[in-house]
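Q: Could you take me through how to read a few features of this model, giving the general idea before each case?

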Amino acid sequence: MKTFYKSPLYLGLATMVIAILVSTVKLSQDRSVTNSVTQANQGISSLSLQFASPDTISLILDSPVDIGGIDITVTYNTGGVYILPSTLNSNIFQTSGGQLDQNTGRYSFTLFATQLPVKTGIIASFQVAPISEAVTPREVTMDIDQSKSAVYSQDGQINTLGVARGVKFTPVPESPTL
């Protein structure tokens with residue numbers, strides 16, 4: 001009879017212990033999701049293209065983490081300019097030279113960091129030339145194809161590319177020399 005008398009006490013204590021265990025597990029799961037989101041937001045890099053008259057396109061990086069390498073694909077409308085792949089240049093990255101497909105308007109290249117740390121700045125540039133001087137220059141749109149581009153952290157593990165901005169410009173025809 002005494003066991004039945006104390007059973008509500010034992011049942012209450014068991015319920016309280018289970019409730020504490022369940023709430024502890026639930027809180028630890030919520031914190032791990034929050035920490036992952038916070039870490040993911042801290043590593044977002046941006047790449048943008050910038051036109052400098054008369055013929056230079058610069059690639060600009062802004063990143064909160066040290067960058068070890070970049071794979072990039074630039075797309076553009078082919079009616080206005082030729083990209084001169086031999087002019088791909090970088091002072092802080094080693095370049096791959098790249099692959100140019102003038103018919104589809106794609107220029108892909110890879111950059112490897114030679115100086116560390118690299119977080120921000122103009123990281124590469126290349127030159128363009130108008131297709132024909134006889135034709136009135138058309139506005140050219142160059143974009144970074146985010147589905148085929150990546151920015152890798154110094155350890156090479158994380159793609160941190162979050163924002164990619166293109167550029168619109170009108171190529172400047174070369175003036176005749178006298």
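Q: With which side chain does the side chain of threonine 56 make a polar contact?

A: First, this is a predicted model, in which local features need pLDDT of at least 70, side-chain atom pairs count only at pLDDT 80 or more, and totals for chains, interfaces and linings use all residues. Residues are numbered from 1 along each chain as its sequence is written, and side-chain values use heavy atoms, with hydrogens and water left out. A polar contact is a pair of N or O atoms within 3.5 Å; within protein, one must be able to donate a hydrogen and the other to accept it, and residues adjacent in sequence count only if both atoms are side-chain atoms. Here the partner of threonine 56 is the side chain of aspartate 55, at 3.3 Å.

Q: What else does threonine 56 touch, not counting residues up to four places away in sequence?

A: Contact means heavy atoms within 4.5 Å, and on that basis threonine 56 touches Gln50, Phe51, Ser125, Phe126 and Gln127. The C-alpha atoms of threonine 56 and valine 128 are separated by 6.4 Å, although these residues are 72 apart along the chain.

Q: How many residues does the largest nonpolar core have?

A: In soluble globular proteins, nonpolar side chains tend to be buried together. A nonpolar core is a set of buried (under 20% relative accessible area, 1.4 Å probe, protein chains only) Ala, Val, Leu, Ile, Met, Phe, Trp, Tyr and Cys residues joined through side-chain atoms within 4.5 Å. The largest one has 30 residues, and those with the most contacts inside it include Phe109 and Phe126. Phenylalanine 109 touches, among others, Leu59, Ile70 and Phe126.

Q: Is leucine 9 buried or exposed?

A: Exposed means over 50% relative accessible area, and leucine 9 is exposed because its value is 53%.
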